[in-house]
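Subject: Handing over the structure

Dear colleague,

Please find the structure below, with the sequence alongside it.

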Amino acid sequence: MVNVFLVLRTIVTVVNYDYVLDFRFYQNGVVEVKSMSTGYALTNAFSEMEKKYGFQLHENIVASFHTHMFHFKADLDVKGQSNRYETIDIKTETTPNEFSRKINSTYSQGYLEKSIKRTEKEAAYKFNFETPKYHIFYNNKTRDTYGNPSAYRLIHNGMVKQIIPEGHNKEPAISWARYQHAVTKRKDTEAHSSSMYSMFDTDNQVVNFQGYIDDDENITDEDLVLWVTLGVHHIPHKEDLPLTTTTGLSPSFLLQPYNYFPEDPAMASPNAVRIEPKDSGVYIERYGIPDESKNTCVPRKTNFENKIKSKTTLIFE
Ligand SMILES: [Cu+2]
């Protein structure tokens, strides 16, 4: 099946950079949030001292290492407002190996251990490679006939370590960057994780994200907010000229239905193709290809091509 998905895109221009933010809605129910960094590299005049901080990119310019970080608020309501956050921890157990000829032989196998996060401090997550786990969110009252919670899962595809030590200088202004994700009880007074003053108010913050966690409220069966931090370390290189490219600088996270639907909801898509070896040939069946003349959702035709060729000013209609 062709992976057709809906993209809601906005572009945030901050000084030299353009941050392309995509909200992608896939046919299997997954929502992806993707941050793509592009724009002009911020450069300085080159001197030998600068070599410690970045690469010389051109005759007289150097571009310093920096980190792009993004914070997203996902106000989750999975089958209602009363939600819980649970991790499915992937662990190993050792069991006797009855099939081995060696005496006292054992083998290791993986198993799953579920762990409900009960308070905001328990739910402030710092990634650890040694403790792999899934992160799911669900309403405890809505389980399927097998007892599985109808959940959504967070898939984090773009985490980065923020390197300024906690509490140093202006680091408290981005206390949200300490966690790869955090889960808090939803409150009208905790609408945002930052403010337009955050660059200047570290000693007495208008918005202090760490404070949302420090009061350590109960988050079991509550209206929850999931905060997700994305980031990339960017050590600019010559191929960032003339513009930084988005490919390779595009962290994302996904919210995936997890035992939420009885099967892959993309099965309802009308544009599937089935290919099957049959009768010493290949049998191809196309499902539900819409009759173009009856199609009620045909994209409007544009004359971009002609406008580009005639070098007239592009006007987006
Ligand atoms: Cu950059």
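Helices and strands are taken here as DSSP runs, numbered from the N terminus, where a helix is a run of H or I of at least four residues and a strand a run of E of at least two. With elements assigned in that way, Ser195 lies in the loop between β12 (181-185) and α1 (209-214).

Before the details, a word on provenance. This is a predicted model, in which local features need pLDDT of at least 70 and side-chain atom pairs count only at pLDDT 80 or more, while totals for chains, interfaces and linings use all residues. Residues are numbered from 1 along each chain as its sequence is written, and side-chain values use heavy atoms, with hydrogens and water left out.

The chain as a whole

The chain carries two helices and 16 strands. Its C-alpha trace spans about 70 × 60 × 55 Å along the principal axes, and its radius of gyration, taken over C-alpha atoms, is 25 Å, whereas a compact globule of 317 residues would have a value near 20 Å (the globule rule being 2.2 Å times the number of residues to the power 0.38). Of the contacts in the chain with a separation of 6 or more, 64% are between residues 24 or more positions apart, a contact meaning heavy atoms within 4.5 Å.

Buried residues make up 36% of the 317; buried means under 20% relative accessible area, exposed means over 50%, and partly exposed covers what lies in between, with a 1.4 Å probe and protein chains only. The chain exposes about 20800 Å², of which carbon and sulfur atoms supply 54% (areas by the Shrake-Rupley method with a 1.4 Å probe, only the protein chains shown counting as cover for residues).

Leaving out residues up to four places away in sequence, Ser195 touches Asp201, Val206 and Val207, and its side chain reaches the backbone nitrogen of Tyr197 at 3.0 Å. That last pair is a polar contact, by which I mean a pair of N or O atoms within 3.5 Å; within protein, one must be able to donate a hydrogen and the other to accept it, and residues adjacent in sequence count only if both atoms are side-chain atoms.

Ser269, in the loop between β14 and β15 (273-278), has a relative accessibility of 11% and therefore counts as buried. Beyond its neighbours within four places in sequence, Ser269 is in contact with Met1 and Gln27. Ser269 and Gln27 are 242 residues apart along the chain, yet their C-alpha atoms are separated by 7.4 Å, and a polar contact of 2.9 Å joins their side chains.

Gly39 is found in strand β3 (residues 31-39) and is buried, since its relative accessible area is 2%. Its contacts outside the four neighbouring places on either side are Asn16, Tyr17, Asp18, Leu243 and Thr244. Gly29 is ten residues from Gly39 along the chain, with 32 Å between the two C-alpha atoms.

Asn97 is found in the loop between β8 and β9 (106-117), and is partly exposed because its relative accessible area is 22%. With neighbours within four places in sequence left aside, Asn97 is in contact with Ser105, Thr106 and Tyr107. Asn97 and Val62 are 35 residues apart in sequence, and 60 Å separates them in space, C-alpha to C-alpha.

Backbone points to check by eye

Where in the chain does a cis peptide bond join two residues? It joins Leu241 and Pro242, with omega at about -5°, and Pro242 is found in the loop between β13 (224-234) and β14 (252-258).

Val15 has a phi near 50°, a positive value in a residue other than glycine; Val15 is found in the loop between β1 (6-14) and β2 (17-25), and is exposed, since its relative accessible area is 77%. Lys79 likewise has a positive phi, near 50°, and lies in the loop between β7 (66-74) and β8 (84-96); at 37% relative accessibility, Lys79 counts as partly exposed.
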